[in-house]
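Subject: Structure for you to look at

Hello,

Please find the structure below. Have a look through it before reading my notes.

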Amino acid sequence: MTDDELIWRIAGGSGDGIASTSQNFAKALMRAGLHVFTHRHYPSRIRGGHTYVEVRASADPVKSRGDGYNFLLALGDSFARNPQEEAYYGNEEVKPLSENLDDLREGGVIIYDSGLVDPDDVPNFEERVEENDWHVYDIDLRTMAREHGREVMRNTAGVGVTAAIAGIDTSYIKDLMRDAMPEKILEPNLELLDLGAEHVREEYDADAPDIAVPEGEHEEEQVLMSGSDAISYGAIDEGCRFIAGYPMTPWTEVFTIMSQNLPQLGGISEQVEDEIAAAALAIGASHAGAKAMSGSSGGGFALMSEPLGLAEMSETPIVLVEAMRAGPSTGMPTKPEQGDLEHVLYTSQGDSHRVVLAPGTVEESYDHARKAFELAYEYQIPSILVYDQKLSGESTNVPASHFDREPNPSTGKTLTESELAEQPHTGDGKFHRFQHDVDDGVSPRSIPGQENGRYLVTGNEHNPEGHISEDPDNRVAQVDRRLEKEAAIRADLDEDSLLAPHGPEEADYGILTFGSQQGTVEEAVDRLNDQGHSVKALAVNELAPYPVEQVTEFLASVEDAMVVEMNASAQFRGLTQKELGRFGEKLHSLLKYNGNPFEPAEIVEGFETSIVEGGELPGHETKFVPAAGD
Amino acid sequence: MSAFSAIDDDREIERDEYTPGMEPQPTWCPGCGDFGVLKALKGAMPEVGRTPEEVLLVTGIGCSGKLNSYFDSYGFHTIHGRSLPVARAAAVTNPELQVVAAGGDGDGYGIGGNHFMHTARENHDMTYIVFNNEIFGLTKGQTSPTSPKGHKSKTQPSGSAKDPIRPLSLALTSGASFVARTAAVNPNQARDILVEAMEHDGFAHIDFLTQCPTWNKDAKQYVPYKDVNEDDEFDFDPTDRAEAQEMMQETEEKLYDGEVLTGVYYREDDRPSYQQEKQAIGEIPEEPLAERYFDEDYEWERSADLFLDSHK
């Protein structure tokens with residue numbers, strides 16, 4: 001545990017402005033030269049309920065949430081339900097304080113709003129404070145805010161208090177407030193920020209806690225971005241100008257960003273009746289010539305199974321986003337999990353053939369969104385981007401230069417009218433849209449409205465002209481052609497591969513993971529090597545077509561490997577064993593499915609206890625499943 | 001210059017152009033009402049002045065879904081119940097296409113019922129033909145959403161306990177701006193209604209009665225029929241929602257008493273189509289989106305220029 005970093009947790013109820021306050025705080029620290037990473041925890045309800053956002057800030061790059069945290073701002077939940085302790089959900093009024101104590105590090109700071117939170121309602125509060133050497137600041141932020149502005153502005157007063165204790169230069173925060181707030185609320189907010197800070201300086205000894213914000217400097221300009229922002233921007237840079245969707249958490253983020261921006265780019269966004277329609281609209285738009293996308297989260301994606309198969313059979317390029325959340329069924333709507341992997345890989349009838357990419361970082365969310373479009377349109381195949389609430393809800397600083405790329409509006413092998421005239425046609429002028437013998441299995445296409453381009457496309461098996469056909473030879477030729485694309489796509493992905501092992505090349509042990517856990521695993525690997533272990537990691541973020549060669553090479557080079565994923569049935573380990581057909585005796589699982597993403601320390605502990613020492617994990621947060629053979 | 005020179009081609013069009021040169025013979029049963037739809041559609045296209053390559057005919061699954069196998073234009077034979085969402089996206093991506101969707105009563109009023117309501121509500125500028133034979137044909141004669149109450153079939157051995165869907169009323173309530181019923185036995189009326197529907201700026205729904213001589217032998221052949229717009233027996237104004245509603249109710253009930261009423265039941269000409277509504281609020285570009293991907297001079301926007309400042 002290090003305190004050369006600040007991990008500030010702002011806690012309150014849903015609807016109290018926790019998210020926006022934390023976003024500004026993170027951005028201010030980024031502007032001050034620090035690396036930042038946020039982690040969001042919130043319930044599926046509009047008003048009230050245990051909510052927090054952590055902002056981790058360090059002079060060195062940060063890739064993950066930290067292990068616990070060291071600075072709490074407990075604001076009170078203004079929409080708390082039933083204040084009785086024996087209530088089903090417990091005493092919600094006090095949760096911003098009580099629910100956050102377990103993770104607070106020794107020597108940490110607690111600021112709580114004594115206007116809303118009564119520590120007498122927190123069991124053993126005084127004893128715990130003493131035991132853990134916590135520094136407590138009880139400040140009536142609510143009254144302060146009421147007297148100088150409005151009650152909701154207590155967040156700002158709390159940030160002022162934080163700044164004074166941690167020694168943060170408030171000028172960055174003030175600049176951000178000036179950018180975002182209308183004049184009427186700006187003045188009282190600025191005043192409250194200073195008042196909060198002054199209060200601390202007057203009433204407390206500012207040097208008491210041993211936590212101060214570190215100093216840092218960025219070598220180049222940074223932007224604060226989430227995975228959802230990056231996916232949306234990647235889509236826009238690929239010329240995507242059509243999106244259709246239906247709201248569902250956490251997919252709604254991409255849908256919202258795209259819907260707010262597409263009209264100004266001459267694009268089209270359609271909010272429709274259900275997810276079957278949403279995916280079918282993406283197919284219709286792509287068929288008519290646009291670069292199109294749709295998406296959903298687990299339950300909504302289930303409705304897309306049918307159109308997904310149509311996109312495969314009709315060879316219509318589309319990109320779908322699957323923003324996973326804890327399932328089955330409605331599950332835990334606002335909590336991250338990686339339990340939809342098999343759903344995404346195999347859903348829809350028949351032999352599936354699709355691209356599935358799972359970005360591991362914010363940068364890769366942009367890169368994979370671009371790659372998903374490029375592959376979908378080059379190979380006339382659906383591409384799926386699978387991520388989760390962890391990556392969608394966390395923001396981190398990324399060099400602005402990462403996004404300084406040229407757009408690629410190419411729709412792949414789409415013919416112009418003059419090219420169409422040269423193509424094979426039936427005697428009556430129908431274009432051969434689905435030719436048998438073509439490079440990489442990709443037969444060029446026309447767009448409705450083009451002269452010499454008319455053809456029929458169908459979800460039935462069809463002949464080269466697109467007409468329904470159940471002829472066995474044609475069937476085999478068409479299936480083989482469509483499946484041939486997979487090898488070509490794999491080769492395409494390998495050309496400028498984003499797959500990169502992390503850690504010493506000659507390491508004894510390996511950790512495999514996929515998607516959003518990448519940063520946390522890499523931080524754990526760094527720590528393990530610092531502690532004298534020999535371990536490296538590979539985040540397998542290209543899931544279909546599976547990178548057999550790279551993963552084989554990685555696993556062949558290590559004695560034993562731990563597979564880290566956020567689900568209960570080890571789906572990614574299962575996929576790896578299926579694809580490789582070996583290494584079953586080497587692959588152990590570390591699983592977590594309680595609604596919270598891994599902390600680096602849990603991976604460190606899982607590795608040391610289970611892989612190195614062969615012992616059993618003491619806690620209930622994670623679960624170790626030893627190798628079972630092939 | 002448009003990348004789609006088939007669009008707005010103002011040459012003379014022959015109805016035979018819509019007959020495929022290869023295998024033009026449909027596989028429908030002899031006496032099937034579906035022939036009537038095909039004939040009426042081929043007859044209507046030259047009158048609307050649309051060439052095969054500016055027409056996109058999107059179908060669902062069922063006997064009716066084979067329509068675009070026998071009609072030579074751009075065609076998309078989709079999946080059961082999903083012709084409308086595919087069709088309406090094509091219609092917003094390239095509003096200059098003539099988009100026609102078609103399917104059966106199970107396809108449109110059963111499995112695709114939600115899409116039907118919402119496409120009607122949005123008032124997309126397109127035509128939707130529902131082949132209504134009051135039965136599931138391709139799966140061999142099961143009770144469908146429009147089968148009369150008491151209809152017996154292998155899957156409803158004691159007779160259906162459900163009242164049938166009211167297709168015309170449903171279209172009106174959902175927001176369609178043109179609602180008609182015609183019958184395969186009346187190809188001239190059908191052609192005229194199809195012309196009117198395609199020329200209408202908005203969602204035009206046609207409930208097309210198509211007799212099924214194979215699986216629905218008990219049902220009438222939809223003769224004799226009466227045209228509610230022509231016959232003196234009826235006096236209503238199809239531009240008046242309340243009167244149209246009343247006429248539809250009567251028509252829907254009488255069908256099950258053996259009386260076949262047809263005609264244009266409702267039309268709302270001054271209501272803007274979805275495309276027009278969206279263009280008015282800047283949510284559909286003036287030039288069809290489909291054109292942009294062929295425009296080599298178009299300057300594609302970059303996210304770095306548009307959005308990065310807000311993240312700094």
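Predicted model: local features only at pLDDT ≥ 70, side-chain atom pairs only at ≥ 80, totals over all residues.

Residues are numbered from 1 along each chain as its sequence is written, and chains are lettered from A and ligands numbered from 1 in the order in which they are written.

The chain contact

In chain B, 54 residues are in contact with 58 residues of chain A (two residues are in contact if their C-beta atoms, placed from the backbone, lie within 7 Å). On the chain B side, the elements giving two or more residues include β2 (74-77), α2 (83-93) and α4 (113-122). Helices (H or I, at least four residues) and strands (E, at least two) are DSSP runs, numbered from the N terminus. The most comes from α2(B), with eight residues.

Nine strands form an open sheet with mixed pairing, in the order β15(A)-β2(B)-β1(B)-β3(B)-β4(B)-β6(B)-β5(B)-β8(B)-β7(B). Two strands pair if DSSP finds at least two bridges between them. At the edges stand β15 of chain A and β7 (225-227) of chain B, each with a single partner strand, so one side of each has no neighbour in the sheet.

Tyr225(B) stands opposite Val260(B) in β8(B).

Two helices of chain B

The axes of α2(B) and α4(B) are 8 Å apart, at an angle of about 30° (axes are lines fitted to C-alpha atoms, for helices over the stretch in contact, and angles run from 0 to 180 degrees between N-to-C directions). The two helices are therefore roughly parallel to each other, a term for angles under 35 degrees. Leu84(B), Pro85(B) and Arg88(B) in α2(B) meet His115(B), Phe116(B) and Thr119(B) in α4(B).

The domains of chain A

Chain A is divided into domain 1 (5-203), domain 2 (224-403), domain 3 (417-495) and domain 4 (509-625), with bounds from an automatic or database domain assignment. The centres of domains 1 and 4 of chain A, taken over C-alpha atoms, are separated by 34 Å. Their contact takes four residues from domain 1 and eight residues from domain 4.

Regards

Conventions:
Parallel < 35°, antiparallel > 145°, perpendicular 65-115°, else oblique.
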